[in-house]
Amino acid sequence: MNGLAGQTALVTGVGSGIGRASALRFAEEGANVVVADIDVEGGRETVDLIENAGGDATFVEVDVSDTASVERMVDATVETYGSLDFAHNNAGILTDFVETTGISEANWDRIVEVNLKGIWACMKAELPAMERTGGGAVVNTASEAGLVGMGGLSSYSASKHGVVGLTKSVALEYAERDIRINAIAPGPTKTNIQSGIVGDSGGTSILGRIRSVVGTVRMALRTLRADFDTSAMRDVPMGRIADPEEMAGAVAFLCSTDASFVTGTTIPVDGGQAA
Ligand code: NAI
């Protein structure tokens, strides 16, 4: 892909899934990669995978919902490699299926803090560093749930709609400053995100808990999602779920010079779901 070799890429949420595939792809294209995650073991495994394939990677522990931690991550990137050229802000969490009235405040806050505030915190630290070192490109991971509503996942969907709006707005601010800002909206992808779901007990009140349980059962009955893979495949016009590498391809394109006139957009990578 044009323009990636010899550059420095920072990828968050690399402990598994889409972030890991993206980091591996940047390395394959000849970029130096800073891989960042709250999961130290998973992040270090990604470094090993990149190094075993002959690439150059450095792990930084980060909690993207903590602005000080994010600033340290960006400082470490520039200290290690001298510049920051590309950022894939990808770390995210999913919640379980609960109707809106059953969502606890703590669950709402955590989803928004990681999925939306986390992307803002990353860009707040990354954009000045990119500007200082000659421009660059940012790709944020949104979701299909950022383009359409999803009953039972309203906090997740709201956070991802936020990522789409944030991407558009920040792209306008930087359009004349040599930094392009785009997003991808993955459809169902084979990753660990289902196992990392943030459970919601509905808070501490008995009523909250009852609402949560009722909401969960209702949503489960309504969607009849006995098996994520099978139900997700039924919803995808292409009839299958994605491999994380297919997301990495879109990220590499958006960072490459082949996308030199693309900014402020969200590309659905979803087998036709948004069509
Ligand atoms: P994953 O669970 O395999 O990877 C997410 C990574 O983010 C993990 O390594 C986790 O440790 C890290 N992470 C979580 N909280 C963090 C925090 N506070 N600070 C730093 N790192 C943190 O899941 P996947 O699927 O690869 O998810 C990546 C992104 O793709 C997420 O933003 C997710 O919402 C999005 N997405 C995933 C879809 C799917 O079907 N897998 C569909 C649409 C969007």
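I shall go through the sheet, the helix packing and the ligand shell in turn.

This is a predicted model, in which local features need pLDDT of at least 70 and side-chain atom pairs count only at pLDDT 80 or more, while totals for chains, interfaces and linings use all residues. Residues are numbered from 1 along each chain as its sequence is written.

Let me begin with the sheet. Helices (H or I, at least four residues) and strands (E, at least two) are DSSP runs, numbered from the N terminus. Two strands pair if DSSP finds at least two bridges between them. In what order do the seven strands of the open sheet lie? The order is β3-β2-β1-β4-β5-β6-β7, and the pairing is parallel. The edges are formed by β3 (57–61) and β7 (266–269), each of which has a single partner strand, so one side of each is left without a neighbour in the sheet. On average, neighbouring strands of this sheet are turned by 20 degrees against each other, direction ignored. Within the sheet, β5 (residues 136–141) and β6 (residues 179–186) pair in the parallel sense over six bridges. There, alanine 137 stands opposite arginine 180 in β6.

Helix α1 packs on this sheet, touching β1 (8–12), β2 (32–37), β3, β4 (86–89), β5 and β6. The direction of α1 makes about 170 degrees with that of β1. Contact requires that the C-beta atoms of two residues, placed from the backbone, lie within 7 Å. Axes are lines fitted to C-alpha atoms, for helices over the stretch in contact, and angles run from 0 to 180 degrees between N-to-C directions.

Next, the helix pairs. Angles under 35 degrees count as roughly parallel, over 145 as roughly antiparallel, 65 to 115 as roughly perpendicular and the rest as oblique. The axes of α1 (residues 17–28) and α8 (residues 244–255) come within 8 Å and cross at roughly 55 degrees. These two helices, α1 and α8, are therefore oblique to each other. Their contact involves Gly17, Ile18, Arg20, Ala21, Ser22 and Arg25 of α1, with Pro244, Glu245, Met247, Ala248, Val251 and Ala252 on the α8 side. By class, the residues of this contact between α1 and α8 are seven nonpolar, two polar and three charged. Here Ala, Val, Leu, Ile, Met, Phe, Trp, Tyr, Cys and Pro count as nonpolar, Asp, Glu, Lys and Arg as charged, and the others, Gly among them, as polar.

With α2 (residues 40–52), the α1 axis comes within 10 Å and crosses at roughly 30 degrees. That makes α1 roughly parallel to α2. Arg20, Ala23, Leu24 and Ala27 of α1 make this contact with Thr46, Leu49 and Ile50 of α2.

A further pair is α4 (residues 105–132) and α5 (residues 154–174), packed at an angle of about 15 degrees with their axes 9 Å apart. Accordingly, α4 and α5 are roughly parallel to each other. Among the residues that meet are Trp108 and Trp120 in α4 and Tyr156 and Tyr174 in α5.

Finally, the ligand. How many residues surround the ligand? There are 30, and the closest are Gly13, Gly15, Gly17, Gly92 and Thr191. The shell has 10 nonpolar, 16 polar and four charged residues. Its largest share, three residues, comes from α1. A residue is near a molecule or strand if its C-beta atom, placed from the backbone, lies within 6 Å of it.
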